[in-house]
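Here is a briefing on one protein chain.

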Amino acid sequence: LQQLHKTLPPFQPIIPVSLLPYLAFILLTLTFGLAFYFSTLPKGTVKESTVAILASVLGGFGTVAMFCTVGVYV
């Protein structure tokens, strides 16, 4: 097991770390845009739920990307 540990390559993230600030900016900008759009929709529609879920998911990923950008690896 130790030999296997020594021969394995180091971890490489799928998304390069240099792209994280741009990714965070785009995702959080989309989140704020969808939040504004959400506030203009009539209450009780299916479209309202879809926009809310999408904004929530984008906000979550955007927040994690921002944390990783500033060095707080979660």
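The points below go through the model by topic. This is a predicted model. The chain averages a pLDDT of 92. Its largest pocket holds about 200 Å³ of space.

**Confidence**
- Of the residues, 100% score a pLDDT of at least 70.
- Helix 2, residues 20–40, has the highest mean pLDDT among the elements of the chain, at 95.
- Helix 1, residues 2–7, has the lowest, at 90.

**Helix packing**
- Helix 3 covers residues 46–69, and its axis comes within 8 Å of the axis of helix 2.
- The two axes cross at roughly 155°.
- Angles over 145 degrees count as roughly antiparallel, so helix 2 is roughly antiparallel to helix 3.
- The crossing of helix 2 and helix 3 is left-handed.
- The contact of helix 2 with helix 3 has 18 nonpolar residues, along with 5 polar and 2 charged ones.

**Largest pocket**
- F11, P13, I14, I15 and V17 are among the residues that line the largest pocket.
- L20, C68 and Y73 also belong to the lining.
- By class, this lining has 8 nonpolar residues.
- The lining has no polar and no charged residues.

Note on methods
Residues numbered from 1 in each chain as written. Predicted model: local features only at pLDDT ≥ 70, side-chain atom pairs only at ≥ 80, totals over all residues. Heavy atoms only, no water. 1 Å grid on protein atoms, 1.4 Å probe; cavity = no way out; pocket = protein on both sides within 12 Å on 5 of 7 lines; lining within 4 Å. Points joined across faces, edges and corners; volume = space filled by probe spheres on them. Nonpolar A, V, L, I, M, F, W, Y, C, P; charged D, E, K, R; others polar. pLDDT = per-residue confidence, 0-100. Helix = DSSP H or I, 4+ residues; strand = E, 2+ residues; numbered from the N terminus. Axes fitted to C-alpha atoms, helices over the stretch in contact; angles between N-to-C directions. Parallel < 35°, antiparallel > 145°, perpendicular 65-115°, else oblique. Left-handed = near helix turned anticlockwise from the far one by under 90°.
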